[in-house]
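Try each task before you read its solution.

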Amino acid sequence: MGAEGLHRAPWTFLTSHARVLLALDRDPEVRLRDVAATCHLTERTVQAVVADLEEAGYLTRVRDGRRNRYQITQGAKFRHPAEADRDIAELLDLFGHGPRPGRAHAPHPDTHKDRPGDRHG
């Protein structure tokens with residue numbers, strides 16, 4: 001059977017956890033049903049993702065009257081060992097509206113290193 005006979009599921013670069021975190025960063029007072037619609041997920045999935053993010057210390061849910069407000073944890077690092085030295089604020093800044101006050105972070109140490117094959121001058 002050739003490759004044309006195989007149906008591969010679509011994939012994306014960002015996980016549901018990243019998408020939900022980005023949505024909560026953009027609007028800390030957003031309703032989870034709106035996050036679900038934006039992220040093309042079920043509300044139940046978004047609730048599970050928020051619970052995961054809360055349990056892992058990436059965000060805090062604060063009750064504000066009848067609504068929830070979500071606070072992203074400053075200084076939180078990526079979980080995977082390949083990126084564990086990187087701050088998730090870099091991802092949020094990349095997909096958000098640029099660095100925000102109080103969210104300064106230093107560039108990654110490898111950002112300005114010469115790489116093999118780099119041409120100078």
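**Exercise 1. Which elements do the buried residues of H1 pack against?**

Keep in mind as you work that the model is predicted.

Step 1. Start with the list of partners: the buried residues of H1 pack against H2, helix H3 (43–55), strand E1 (59–64), strand E2 (67–72) and helix H4 (88–95).

Step 2. Now pick out the residues themselves. Ala18, Val20, Leu21, Leu22, Ala23, Leu24 and Asp25 are the buried residues of H1.

**Exercise 2. Describe how H1 packs on H2.**

Step 1. Find the two helices: H1 covers residues 16–26 and H2 covers residues 32–39. Their axes lie 10 Å apart, at an angle of about 125°.

Step 2. Classify the angle. An angle of 65 to 115 degrees would be roughly perpendicular and one over 145 roughly antiparallel, so at about 125° H1 is oblique to H2.

Step 3. List the residues that touch. H1 contributes Arg19, Val20, Ala23 and Leu24, while H2 contributes Leu32, Val35 and Cys39.

Step 4. Sort them by class: the contact has 6 nonpolar residues, no polar ones and 1 charged residue.

**Exercise 3. Where is Arg69, and which residues is it in contact with beyond its neighbours within four places in sequence?**

Step 1. Arg69 sits in strand E2.

Step 2. Leaving aside neighbours within four places in sequence, Arg69 is in contact with Pro28, Glu29, Thr60, Arg61, Val62 and Asp64.

Step 3. Compare sequence with space: Asp27 is 42 residues from Arg69 in sequence, yet their C-alpha atoms are 8.8 Å apart.

**Exercise 4. How many salt bridges does the model have, and are the residues in the Arg86 and Glu90 pair buried or partly exposed?**

Step 1. Recall the idea: side chains of opposite charge can pair when their charged atoms come close.

Step 2. The count is 4 salt bridges. Among them, Glu54 pairs with Arg61 at 2.5 Å, N to O, and Asp64 pairs with Arg69 at 3.9 Å. Another joins Arg86 and Glu90 at 2.5 Å.

Step 3. Look at accessibility. Glu54 is partly exposed at 27%, as is Arg61 at 33%. Asp64 is partly exposed too, at 40%.

Step 4. Finish with the last pair: Arg86 is partly exposed at 27%, whereas Glu90, at 19%, counts as buried.

Note on methods:
Residues are numbered from 1 along each chain as its sequence is written. This is a predicted model: local features need pLDDT of at least 70, side-chain atom pairs count only at pLDDT 80 or more; totals for chains, interfaces and linings use all residues. Side-chain values use heavy atoms; hydrogens and water are left out. Axes are lines fitted to C-alpha atoms, for helices over the stretch in contact, and angles run from 0 to 180 degrees between N-to-C directions. Angles under 35 degrees count as roughly parallel, over 145 as roughly antiparallel, 65 to 115 as roughly perpendicular and the rest as oblique. Contact means heavy atoms within 4.5 Å. Ala, Val, Leu, Ile, Met, Phe, Trp, Tyr, Cys and Pro count as nonpolar, Asp, Glu, Lys and Arg as charged, and the others, Gly among them, as polar. Buried means under 20% relative accessible area, exposed over 50%, partly exposed in between (1.4 Å probe, protein chains only). A salt bridge is a side-chain nitrogen of Lys or Arg within 4 Å of a carboxyl oxygen of Asp or Glu.
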